[in-house]
Amino acid sequence: MEMSKSTILIHSADFDASTNDVLDWLYYNPQSKNFNIKRINGSIGIDTISMYISSSKETPASVCSFFDPNIKFYWYRRGALEILAPNKYLIYSDNFNHVTKSDYADYNKFLKELVPKGINNPRDNEINKLKVYVHAKQCGLFFPDTYILNSFSDDFLEKLKGKEFVVKSLSYPSISIHYKSFEVDLYSSTQLINLKDVLKIYPKTFLLSQFQEYIPKKYEIRTFYLNGIFKSMAIFSQQNEQTKVDFRNYDLERPNRCVPYNLPKWYETKLHELMLSLEINCGSIDTIVTPDDEFYFLEINPIGQFQWLSKNCNYFIERMIADALLH
Amino acid sequence: MEETTPTQHIKLHSNCIPVKGAMRSVICDLQRNLYIPVPHSLIDLFDEDSLLNLELLETTLDTASLQIFSEYLHLLERQEFVFHCNKLEAKNFPTINTEWDFPSQATNCVIDINQGSEHDYTDLIQNELDSVNCHYVQLRSFDAFSLSFWDDIIKIINGSPIRSVDFIIMDVSACFSHKEISEWVYSNRKIRCVTLHSSSENKIVRQQNLGFSLVLSVKEKINSPISCGNIHPSYFSINVESFTESLAHNTCLNRKIAIDTEGNIKNCPSMAKSYGNIRDTKLIDVVNNADFQKVWHIKKDEITKCKDCEFRHICTDCRAYIENPEDQYSAPLKCGYNPYTCQWEEWSTNPLKQQAIEYYGMQALVKDEK
Ligand code: SF4
């Protein structure tokens, strides 16, 4: 009797509070009774799979142990999705591993094209900042001049004269290190640098990092985007020395003023175009509004945190997602 | 460092909401959870879009008023209740959505327990509460129970979808030491707060950690629901959720469910009307009963006195003990606030309340408190 129901698959992680919140709304909605709701935490390893394409079919398809055809909706939030090499074939030789890894990597990538439709896709994690800016430029968005460097080029030093830049690590800004009996999480926040700081390091090389022109701001806008719907919040981080450069330097005593905000329509239209061109249907978008009321697009986090935004602005984003899963 | 463009307006942030009472207003900062009383005249300076034109003000106010205003402006700026803006950009700042909603048929449940109670905790927690998506529970006991009794209950809760639980239990050294109870709380992470009543002293036994694991002891004896329903600024709840709930619902009873010591299902343990017993009645049926839901919609804006009170959208409510037991729209009995004088007075000695105190049989309680 369960056979006729279609499945909503939620791919998340242990302790992801936002997934729990969305599930609450999902179960609260009487329509959820018509679905099998399945949540998987962590990485999904696929053991048996066949991907195929035929000239008589429009698009490739896959048959795998994991994605059964009953899945109507796949909400990707956390965790990896990959084809497993069966244990018995694992040969512990570096060369062999290298060959299988790269073979598998290609098809793991391709597999993500074949997953059921829904909200986000594991490939959304792979977007690269520069690629996003290339698309943003085509959509006519302003963004700060950006360098990805592992050493300071002359060009960059020239640009830095009389200016300030914001330095950021490339990916997830935290690393774990083991020190004596402790495990320490180092979290690198965004910092401002000027020519003087740079000359201290010059001409050494360093880990690939992002350097971005500092844009003075009146306030920052954090937007939750889902299939063309925008829910935005203004963050008055400028008032607070601690959060001037990076609002993640939270001030617990006196949190930045965060209020609902409507982006101008022309700007939303451009962002929507950008999301469509990147084929990302859900995410958090950061924007800066300058004292001259200019809008600078900063970045997209495809699998963003929205709890904070939802609560502060009373947006019920969790309910929105649950409704999207059911429709 | 950078120049800001000159702006002639200030706008109230949409989460800093003025509420007018009979004599004065308060600005409720729903983000930072605080409120500040201000005169009506200050609030009246803002237009319907919460905007105030500073340049215009200078030409309309006299010098003395301007002086007073500048002091208030200073306060508003210091609290970051307002921001400077021009009229055009102000349009991008909408009012905050005032809808209230919650993904549970019952948001919280109070379960009262005494020696005579025969609750089936397994069925209640695993089936009944789950059927109404209830994730917050308060267990309140009027008699002494051993720690192993509580431990059996928490084990059921640990394995259920319940997110957090509060205990109000009798402090009896023969049953457990404070050290034992602290360790027990620490190893059961869904416990938000344990209040030990009938204790020898008022103290914090265990500090809270991220809103959980708090253990308090209080001298007060809680041997019946009659001690509930106090209205006091320390119980004010200044946040978006409570504020929006208060606009359309009762802030104490909305989507609440209570099970008294005998298993009767009620809106509140202190209220007389029962909607069946958990032995033979499903919680979901009670929660869906229109009669049961009636009290959910008694808003502060409809309650005598409260409707004139500037605290009405941050205040809790009590419908069990009210000034006039005949009138379900009368003010909470245990509120000593007078919105017409802006004074807090002792409620229990108020001559106008003596009749109700007698009606509820609270004379002994009132004497105890004094
Ligand atoms: S008058 Fe009503 S709203 Fe005001 S403090 Fe008393 S109970 Fe609360």
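Predicted model: local features only at pLDDT ≥ 70, side-chain atom pairs only at ≥ 80, totals over all residues.
**Entry 1: the sheet in chain A**

In what order do the five strands of the open sheet in chain A stand? I looked this up and wrote down β17-β16-β15-β18-β19, with antiparallel pairing; two strands count as paired if DSSP finds at least two bridges between them. The edge strands are β17 (257-261) and β19 (295-301) of chain A, and each of them pairs on one side only. From one strand to the next, the twist averages 25 degrees.

Residues are numbered from 1 along each chain as its sequence is written, and chains are lettered from A and ligands numbered from 1 in the order in which they are written.

I then followed one pair of neighbours: β15 (residues 219-226) and β16 (residues 229-236) of chain A run antiparallel and are joined by seven bridges. Within this pair, Phe224(A) stands opposite Lys231(A) in β16(A). Helix α8 (residues 317-326) of chain A packs on the sheet, where it touches β15 and β16 of chain A, and its direction makes about 25 degrees with that of β15(A). Contact here means heavy atoms within 4.5 Å, and the angles, which run from 0 to 180 degrees, are taken between N-to-C directions of lines fitted to C-alpha atoms, for helices over the stretch in contact. The helices (H or I, at least four residues) and strands (E, at least two) are DSSP runs, numbered from the N terminus.

**Entry 2: backbone details in chain A**

Which peptide bond did I find to be cis? The bond from Tyr202(A) to Pro203(A) is cis, with omega near 0 degrees, and Pro203(A) sits in the loop between α5 (195-201) and β14 (209-213) of chain A.

I also noted Asn120(A), which has a positive phi of about 60 degrees although it is not a glycine. Asn120(A) belongs to the loop between β8 (118-119) and α3 (129-138) of chain A. Asn120(A) counts as buried because its relative accessibility is 7%; buried means under 20% relative accessible area, exposed over 50%, and partly exposed in between, with a 1.4 Å probe and protein chains only.

**Entry 3: chain B as a whole**

For chain B I wrote down twelve helices and 16 strands. Taken along the principal axes, its C-alpha atoms fill a box of roughly 75 × 50 × 45 Å. Of the 370 residues in chain B, 51% are buried. Among contacts in chain B with a separation of 6 or more, 64% are between residues 24 or more positions apart.

Strands β7 (residues 108-113) and β8 (residues 136-141) of chain B run parallel and are joined by six bridges, with Ile111(B) opposite Leu139(B) in β8(B).

**Entry 5**

Five bridges join β3 (residues 25-29) to β4 (residues 34-38) of chain B, which run antiparallel; Cys28(B) has Tyr35(B) in β4(B) as its bridge partner. The hairpin of these strands has four residues between them, and Asn33(B) takes a positive phi near 60 degrees there.

Ser50(B), a residue other than glycine, likewise has a positive phi near 60 degrees. I placed Ser50(B) in the loop between α1 (40-44) and β5 (51-53) of chain B, where Ser50(B) is partly exposed, with a relative accessible area of 24%.

Asn223(B) and Asn114(B) are 109 residues apart in sequence and 8.9 Å apart in space, C-alpha to C-alpha.

Terms used:
Heavy atoms only, no water.
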